[in-house]
Amino acid sequence: MEDDQPAIVARLAEELAGLRVLTAQLRAENARLLGLLELTPKQAVPPGPTQTGFL
């Protein structure tokens, strides 16, 4: 089991690197779309939660 640890760590590091790349791509796409909509990041924030029932 301990012999597998370096391989597991390497796979996790690879996955993390891929997720960081994807996050950067998604942030760039969000910025592009906000520009098309002519919205500032503050305007694009979703509304807060709403009350759905009685207390």
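Visitor: How much accessible area do Leu19, Leu22 and Leu26 have together, as a nonpolar patch on the surface?

Guide: This is a predicted model, in which local features need pLDDT of at least 70 and side-chain atom pairs count only at pLDDT 80 or more, while totals for chains, interfaces and linings use all residues. Residues are numbered from 1 along each chain as its sequence is written, and side-chain values use heavy atoms, with hydrogens and water left out. Patches take residues with over 30% relative accessible area and no salt bridge, joining like charges within 9 Å and nonpolar side chains (Val, Leu, Ile, Met, Phe, Trp, Tyr) within 5 Å. With areas from the Shrake-Rupley method and a 1.4 Å probe, only the protein chains shown counting as cover for residues, the patch of Leu19, Leu22 and Leu26 comes to about 260 Å².

Visitor: Is Leu19 buried, partly exposed or exposed?

Guide: Leu19 is found in helix H1, which covers residues 5-37. Buried means under 20% relative accessible area, exposed over 50%, and partly exposed in between (1.4 Å probe, protein chains only). Leu19 has a relative accessible area of 43%, and therefore counts as partly exposed.

Visitor: How far does H1 reach from its first C-alpha to its last?

Guide: The secondary structure comes to 1 helix and 0 strands, taken as DSSP runs numbered from the N terminus (helices H or I, at least four residues; strands E, at least two). H1 has 33 residues, and the expected span is 1.5 Å times one less than the number of residues.

Visitor: Which residue forms a salt bridge with Arg32?

Guide: The structure holds 1 salt bridge, meaning a side-chain nitrogen of Lys or Arg within 4 Å of a carboxyl oxygen of Asp or Glu. Arg32 is partly exposed at 45% relative accessible area, and Glu29 is likewise partly exposed at 32%. Both residues lie in H1, 3 residues apart, about one turn of the helix. With the closest N and O atoms 3.0 Å apart, the partner of Arg32 is Glu29.

Visitor: What share of the accessible surface of the protein belongs to carbon and sulfur atoms?

Guide: Of the 55 residues of the protein, 0% count as buried. The accessible surface comes to about 5500 Å², and the share of carbon and sulfur atoms is 63%.
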